[in-house]
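Look over the sequence and the model below. The paragraphs after them go through one chain and then a surface feature of another.

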Amino acid sequence: MTTTTTATGGRPAGTPRVRKRRAGGDWTHVVALAWLGVLIVAMIALPPILGLDPLALDSTARFSGPSGEHWLGTDDLGRDLLARALDGAQVSLLVGLGSTAIAALVGVPLGMLAGYRGRLADAVVSFLVDVLLGFPGLVLALGLAAFLGPSVPNVMIAIAVPLVPAFARLARAQTMSLLTREFIEASRVIGTPTLSIMRRDIVPNITEPVLAFALVNVGRAILIEGGLSFLGIGVPLPQPTWGTMINEGRVYLTQSPAIILAPSVFMMLTILSINLLADRYLLDRTTVAGGS
Amino acid sequence: MNQPHSADHDPVLALHHGRVVYPGPAGSGFEAIRDVSVTLHAGEILGLVGESGSGKSTTARAMLGLTHLTSGSLTYRGQAVTWADRRFRSRVQAIFQNPAGSFNPKRSLLDSVAEPLRVWKRGTKEQRRKTALDALGQVGIPPEVAARRPNRVSGGQCQRAAIARAIVLEPEVLICDEPVSALDVSIQAQILELLARLRAERNLAMLFISHDLSVVSALCDRTAVMYAGEIVEEAPTLTIANAPTHPYAAILHDAAAAVTPGAAVGEPLVPRGAATVDGRHLAGCRFEEVCPRATQLCVTDHPELTGDEHAVACHHPIPVAPAENDVYVRSHPSGSAEGTTQRSARP
Amino acid sequence: MTDTVTVPLLSVENLKVRFATPEGLVTAVDGVDLQLGHGERLGIVGESGSGKSVLIRTIMGLYRPGDASIEGDVVFDGRRVLTMTPRERRRIWGSEIGMIFQDPMNSLHPITPVGAQIAEALRLHRGMTRKEAAERAVELLDLVKIADPRRRSRQRAHELSGGMRQRVMIAMAMACEPKLLLADEPTTALDVTVQARILELFDSLCGEFGIGLILVSHDLGVVGRHTDRVAVMYAGQVGETGSVRQVLERPTMRYTGALLDAAPRWGRDHQVLPTPIGGQPPNLLTLGPGCHFAPRCPGATDRCREARPALVAVPGQPEHRAACWHPIDAPDPAEREVTVR
């Protein structure tokens, strides 16, 4: 921001600032994608290649530091931390994606119905949403998990239920803003049946914001899963998850911080990556929307 | 006067004494239109002029069956149309103001134009594609443009495609809600020409809504002027364009003349208040707070729309000067109390 | 207001503004020359893509170096706007140059009362006290003919009607007695009856205070009635310029004529459909070497497609210049179909 280009020194083109911002976004976005890629590849490929077994006890190497045999060291029972972290990644990603998908699949149609139909449907859905939002999300998930009993599907449901209202609200708001657009009116004038309008006009146009929102929630769901497992009401033992690993390592925090550090770093990097991707996705959407 | 293009005597679509109240907070309602009657004949274009908030769009939505009538009725070929009557849906089509906004941004123009045929299960997919391309061709959209999404074409092209979508089902009625307001002057003229051509070729009945009297004057056979949810004057277009009798129509006329190149402006009628004051709350004439000709009668009595060929809702319409005079006289009704001197022009 | 003849209030010389877009380099303003005297009203007419808004935004100095590449010169009251620092620019915005945009709602602060917004400019540029400024704000609202100005000054933007908001914008632009008023489609968003009264307000303010006005509009009628001189823009260039009478009554460039014929109007005893201009608005990415209007011009010849006509004086009419290879032969004004009442 010094001076303007003047009479004589006119450059052929000013450097567009938009592009610069995008380049900055690209960098973090690539790192985030790279981490998730590495995690997934490692999750699938490393255990068979290295012969990792998350449950194998090695009594000769309890609390061992990183070594050629145990890359990240071992825990109190001599189990390989890398093996457990990677095995836990499977559960965490499954629960994260699965519970978000459940929440979206329930919440979005409800929200669309409320937004499109208005009146009674809106009143009923909004009431349910308000009631659900009245509970603190984590407490609700806790209660549900405790009530349903520990199992992977139950954990997914327990995490999904508190997320449903957010999806319903988003879908309702998006649908209502679409309803003011003339193309929906145009479809109605043609005589398009309501279901067809929802499927062909509304769904494609709310997919992007819903996806971006879902991505953020995958991170949150992984976090909640960690919390539930940490409290011992999540995924049942002996299946390792990042949450249970942190819980188990708690006792040995001073003795062997690696036990907590390994799952924590995995969790942090994963959630950070997902959030960065979500941010980038949201940003792209807004710049595109603003430009057109 | 304009000869109506083989106007049938029976109206195709008619709104009778339509009233629409939008529910408001705490039981209050907003009366968007009150006692509005609009009749559309085949081959005739009716213009509806008014400013924002006058109820033009609500009238259009009511005629499309998109809004519940609080009272009054809508008839298609003499038969009452019930809410969301599907048979009527293919016969009455619409064009909206925002060209790009009336297309699904995720689909190509061709897809959207073929959509009505899909909904009505006309022909095979290939036939529908051909019919849609044909309709697009008729409005001057070549196939390569038709394959684009709405954000990749100009506003004028989008509006043409919207017209193609509206005619692809061969409707009898076209409701156009501000179809040219968002367009450049040169493109606006293209769309007006296209609409005039379609009316002649297909004997369409049209409702053409605009805030701009000059646009309406160029295209429409009859014109109705709306104010605060009511029709205040309706007459053959040239009558309203050249010698409006309702004071509001005269103010609109002056405003349009003031920005029409080369138009002669006589002494303008000066509104007493902001012309956007909404008189829906008034017991008498809704235009009374603004009207330079208002008297005590206007405060107490609501004027009804009277007259046949030239209907006006005013206690003190502006008298039309003899034809040989170029400027008609606008005298204030003699200040006598109660303003009983003049009544509506025709019984 | 003394050197009206010798030193123009504003002069724009061979101005070129280019933007880099993902699709390529766009020349939005391509070699525009303009002059505006004190108290003079200039209308700039054009359709979308004509570059009229970019032109006045450049005159204001609203583009930063990263936004656009700008060549040429803009001299306002003896100072070169393009080489000013951001600080110097901010000092002249609001105090010497007033700006009015199409949508007043976007330009007004949503929760500050409108009177306080006007007062703020006065305190900033005129160093008035809070009390003086508030008093002056009420006077200004009265000047722009807002009824009950004292009460209105305490209201917020959303409590006012569209026309009243635009009046507030004008009051704000007038606050520091600017020498130049730039208005970009100031009445497009308003109802027609309000539009006429806002434009009359411009007329009286410019006449009374000797303010130079540049009025940008897509509407020939608006410009024709409320300015002294007109410049017609097409695809970034001035196609025709002259006094309102010269340009609107005896258009010489074919685009001006076509634009006039495309404007809807009505006759006394028969209806006339406006004559459309064929084709699409110009695409600035794919301009040919010839006259930019040639692809849409019914009278275009090979010459028009190959070489660009220069803006030259129309024979016998001083100040009237047009860029056209095949100028419209001066028609009899009476022949043009424009009658009302």
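Helices (H or I, at least four residues) and strands (E, at least two) are DSSP runs, numbered from the N terminus. By this count, chain B has 11 helices and 11 strands. This is a predicted model, in which local features need pLDDT of at least 70, side-chain atom pairs count only at pLDDT 80 or more, and totals for chains, interfaces and linings use all residues. Residues are numbered from 1 along each chain as its sequence is written.

Of the 347 residues in chain B, 60% are buried. Buried means under 20% relative accessible area, exposed over 50%, and partly exposed in between (1.4 Å probe, protein chains only).

Chain A carries a UniProt annotation, "transmembrane region", from an unreviewed entry; the ranges include 154-171 and 210-237. UniProt positions are given in the numbering used here, feature names are shortened, and annotations may be inferred rather than shown by experiment. Residues 154-171 of chain A are 100% helix and 0% strand, with end C-alpha atoms 25 Å apart. For residues 210-237 of chain A, the figures are 75% helix, 0% strand and 34 Å.

Which helix of chain A gives the largest share of the nonpolar patch? Helix α2(A) does, with three residues. Both α2 (81-117) and α4 (137-148) of chain A supply at least two residues each. Leu148(A) lies in helix α4 of chain A. Why does Leu148(A) count as partly exposed? Leu148(A) does so because its relative accessibility is 33%.

Methods:
Chains are lettered from A and ligands numbered from 1 in the order in which they are written. Side-chain values use heavy atoms; hydrogens and water are left out.
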